[in-house]
Amino acid sequence: MTTNHFENDLKTLPISEPVAGSLRRNGAVFKSLLPQTWATLWLMFFLAFCVNAAAQETADTLPQPLEQLRIGSMAEREQAIEQLGEDGRNLKLLQALQDGQLMDWKADSRLVIASESAKGYNLRDPFDGKAVLADVERDAVGKLNLTNKLRSVLRKAVGGLQLNADSADMRLEAVKAIAKDADDKALQMLRKRLEKERDAAVLAAIQEALWLQDINSDDKPARLAAIEALKNINNQSAYNRLRELAEPDAVADPEVAAQAKAAVKKIESRLQNYAAIETVFFGLSLGAVLVLASIGLAITFGVMGVINMAHGELMMLGAYTTYVMQQLLPNYLGTALILSIPMAFLVAALVGVAIERGIIRFLYGRPLETLLATFGVSLFLQQSVRSIFSPLNRSVSTPDWMSGSWQINDFLSLTWNRFYILVFCLLVFTALLQILKRTKLGLEVRAVAQNRGMAKAMGIPTARVDAMTFGLGSGIAGVAGVALSQITNVGPNLGQAYIVDSFMVVVFGGVGNLFGTLVAGFSLGIANKFLEPYAGAVLAKILVLVFIILFIQKKPRGLFPQKGRAADG
Amino acid sequence: MNFLKQDKTYASVLMALAAVTLIIPFCNLITSADSPLHFSAYSVSLIGKYLCFALLGLSLDMVWGYAGILVLGQGAFFALGGYAMGMYLMRQIGTRGVYGNPELPDFMVFLNWSELPWYWYGFENFGFAMLMVFLAPGILAFVFGWLAFRSRVTGVYLSIITQALTYALLLAFFRNEMGFGGNNGLTDFKDILGFNIQSEAVRSMMLLLTGSSLIGALLLCRWIVGSKLGRVVTAIRDQESRVRFLGYRVELFKLWVFVFAAMLAGLAGALYVPQVGIINPSEFSPLNSLEIVIWVAVGGRGTLYGAIIGAVLVNYAKTVLTGLMPDAWLFCLGGAFILVTLLLPDGIVGLLHRRIKPNLTLNASGEQPA
Amino acid sequence: MKILSNSFHKLATAAALSAALLATAGSARAEEDTIKVGVLHSLSGTMAISETTLKDTMLMLIDEQNKKGGLLGKKLEAVVVDPASNWPLFAEKARELLTKDKVASIFGCWTSVSRKSVLPVIEELNGILFYPVQYEGEESSKNVFYTGAAPNQQAIPAVDYLMNDLKVERWILAGTDYVYPRTTNKILEAYLKAKGVKEKDIMINYTPFGHSDWQSIVADIKKFGSAGKKTAVVSTINGDANIPFYKELGNQGVSAQDIPVVAFSVGEEELSGMDTKPLVGHLAAWNYFMSVDTTKNAAFIQQWKDYIKNPKRVTNDPMEAHYIGFNMWVKAVEKAGTTDPDAVQKALIGVEFPNLTGGIAKMLPNHHISKPVLIGEIQDDGQFVTVWQTNKVVDGDAWSDYLPESKPIIADWTAPISCGNYNTKTKKCSGQNY
């Protein structure tokens, strides 16, 4: 099928330059590989069809695998990878290719392993991965493009090479890569390795892969033993195979069928538990996002009574700070992210203080006017960001330690970024609580919130405390923005997406009560996630909103109502 | 009509409205299209839109300015009235839809609905649709208000749950399963009462109707706030507990105003839809409802005509600025909101009063002692 | 009516207020020495993310045309307005462009609802609208020219590719809940069933706009995809919801090799605002990729980078659609010798203009154009590597052949049919506004 398309494309797409000319530009990032792809493919077909008998000789005339990999077409690269996979010396090179570190060094026309450096890339020898060749600018090398097909070929090739590696971890990885959809050749390799293997984990993995084969074997005892063994293992392919067996009329032997059914039942009961754990985790992490988005508001709105419509935009500023930090430190994304936390706090807090000093302080006692003014501020901030950073979304990268998931077993994994955000949320909350409870500023903030006149009479500089409080709330919003940059778009509309939700959380928890905000955020998150499988994402959200509306009727001042004099304010 | 003597701005606003309402349709009916006195369809529908917004602003001022209930979901009632009207207009299309189905609107044909859902029944009848224009928002406001006021939900709590209400409706109307056309909403209207909705005469009539509704509503509202009922409501705004201790059933008064304002907003929505030619869920968005609050605040809260002036001015500014400086109009609008709050606490009306009668001091509501 | 005798003040105030209202009515007479071109794209609000680029593209194209000497001996003048992602405002601004500014044609809209909102106005005033975005079809207006892809120019070829080349057997159709995904998924569902895919092997999921918490849905996708058969996601997820979606996919360990996602709304521009790591290897179907290596495309990219003064900016499919649409309009105006809408509408049908990716785009009688279909894999530089493409251009089909109710309907704006929704069974043309 594919080949036909390629051939036909030749007719419609002009090949503007001779093949040799285009080869040179090949590494350039923005250029496609297509014309030469077709050209070489076409050449291959020509050879294959016309010089069929002389196939042996053509193989010799083809460039060696490394060159083929460097400048060849996708089909040639596939061949090259398979060929390189035969020889253990190429392991480093193939792994680098897999990790996207193998590059074409244009000046030298050769493949090198490149790692990020201050200047651009640090180039090393592709075979041992150690000997440093040069330190070059970013555009001196070109990355090798891969397609999905190549990636799976590569995965197998690397797996095959790693199977006999010294490190047990590497071997385990290799077994998993090979076992994914194992063919006869792969099974052969696994059986061979089984005899030599000493490491328990690797042994177990190989054993699992072999059991999976045994399920469908004709040898009944082996089959039953495999089913028996697999029912206690959390393995997705095992579950799938067992389910197939458990289907009515799938197997003739009633004993096997019954065993398979029992095994499926056992696995499914475990699955249910895992699903529940997963849902709770999803709920907690959604709750963490809600808490982060609303906790700053819990201070500006809850403690100070300012209906701050620009709260979302302060979060947006935090997210943009992260973007700027990553632009400033392009080679240290993780460090940039960590540094953005204090930076975002500072930026948002400064803007917050400016808003308070410039606008809000004239409006105390008129909370509804603050709504109007801060709405103006939010429009202003949004448009500023559009003018400075363009209306397009900005790309904020996730550092490696935050990507991927904590794979507990085949059925249960928790994503790292959500996990970190959950932890981060709790940290921010604790820190805030400590500031309010333990520091002088916190004491003053609480005093002013409870009785402004009395606080002033006691010598507390209320104006300064107001500014500091608003700055604190805004700063926290900025910090929340850093977290949001890791899970959603960084663009001018970021703030608007969260503003309604954050007000809802603060009101549900009870205005003026930080602890209420925490509980409200988490319970709304979990409720949402438990409803979602039954009602769908939209209906779940509607139900949660209706629930809040009804809840407020029951408890007009939220989950944890404020007590005492301040309650009337 | 005593208040007209006391507050001259009232008279001016009424006269301006009457002028717009009468002159434009009149001119358009007697002059030909190229006469300098002729108003283009663009201007007519634009002014019609402003007047609808003014009516909407007026409805919010009743409930916010006089009863002190800051509703951040007034747009929900506006949109419901609009949908009721839109459903009538959809049913008028008949077989002229692209699929030529006599019963079902196009969007239902294309989402495989086999029959008209029950809540669409009756909307082919203009009278029924008009009834629903008032009833749909009215009933929602009644149920919501009855629950909220009875359990004494006040202040920001009430504001935020009205926002939750409109947000929930926004999400619900977005759903295609709801049978209201999903994100695209209702559009491509053809006729109203048998007249081509795009014809100039209908446009002029719609403007006339909107203008007179607005004038009528303004007079009605003024009458209400001047009546005993209105004074109790104002008293509730200023000291709710005290009024309760005096033996008034505060929640009933609040409920009354809330429902009345919701119906007024519904009427505004119904007048709006035929003039702009589309109703879709974005009218439910919390931001739209916030904007209504802004109009009233800019115009001057608690004066009724202030809401009208505010709505017209803000929207006029939006029209001009989005054309004049598409890249920077948000700066102007945002800046204007900040300046108005800081410098004109009583809105534009407050400024007018200060200019006309420099020695007059207004109380918080802008109301003068009767 | 005693009021009339009152002080002069209120008369003055009344006059001022009326003046404010009436000022909008005073339409400035258009200068006759330029041809005005309306640009109706949101520059603020939620859609500004996508639409601002198209405004800049239009300004660049108009600028370029003026450098070439304008059109019919006159200079072109762009009239840019901001409908602010507000759908009724789109209709109002379209009316403003046509009646106040008297533009010869309008280039604009992105979302379906904005087009639906503008449609009655354009038809009433007999304007011309060029709509540059892939959309759900099921429409053909006398006054609208659709330069983006119809479903048969994007969705169906993508599914064919997945089915034939990647041997996909289980399908997840995930989309944002609005009319484009709904229709596309309906067409795809009918198409898949016609190809023998069973009901239980198709999962359909809708999410609201800007959906940001994808944890449960991705977990469901993972579960659905782990049943042993090759599974793919066909995504009609719109704009902002994409970043969290792909991030979640990546984090939950769903790789492109296991469950590839083919998207119809993720292009170079969207990618430039994303962390591409989790997207590498996923697919997109478009009619244009920036990475396609032709001389024309290289020149276009250079021109764009020079114009926008930013060497990092990318080009994308809707930009090409505007490029083709604008040049077709120029050709048609030259052919007709006038900007009169009727003449230009007539002249536009049959106009041909080369695509940037090779091949010739032609304006068809149903007001759609013919385009090549390309499928690309996302690379970590935010570009696509073409892995498949149609061997010739595909004609845009306004009414899908896979939906029972629109199967008998065709659009043909040439005599004798001259109708956007002609029913070949009943021989009727219903619901036209002219």
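This is a predicted model: local features need pLDDT of at least 70, side-chain atom pairs count only at pLDDT 80 or more; totals for chains, interfaces and linings use all residues.
Residues are numbered from 1 along each chain as its sequence is written, and chains are lettered from A and ligands numbered from 1 in the order in which they are written.

**Backbone of chain B**
- Arg152(B), which is not a glycine, has a positive phi of about 55 degrees, and sits in the loop between α6 (126-150) and α7 (155-174) of chain B, helices being DSSP runs of H or I with at least four residues and strands runs of E with at least two, numbered from the N terminus.
- Leu304(B), also a residue other than glycine, has a positive phi near 65 degrees; Leu304(B) is placed in the loop between α12 (286-299) and α13 (305-324) of chain B, and is buried, with 29 other C-beta atoms within 10 Å.

**A cis peptide bond in chain C**
- The peptide bond that runs from Ala415(C) to Pro416(C) is cis, with omega near 5 degrees, and Pro416(C) belongs to the loop between β17 (409-412) and β18 of chain C.

**Contact between chains C and B**
- In chain C, 48 residues are in contact with 51 residues of chain B, contact meaning that the C-beta atoms of two residues, placed from the backbone, lie within 7 Å.
- Elements that each supply at least two residues of the side of chain C touching chain B include α1 (8-23), β2 (75-81) and β18 (419-423) of chain C.

Note on methods
A residue is buried if 20 or more other C-beta atoms lie within 10 Å of its own, exposed if 12 or fewer, and partly exposed in between; C-beta atoms are placed from the backbone.
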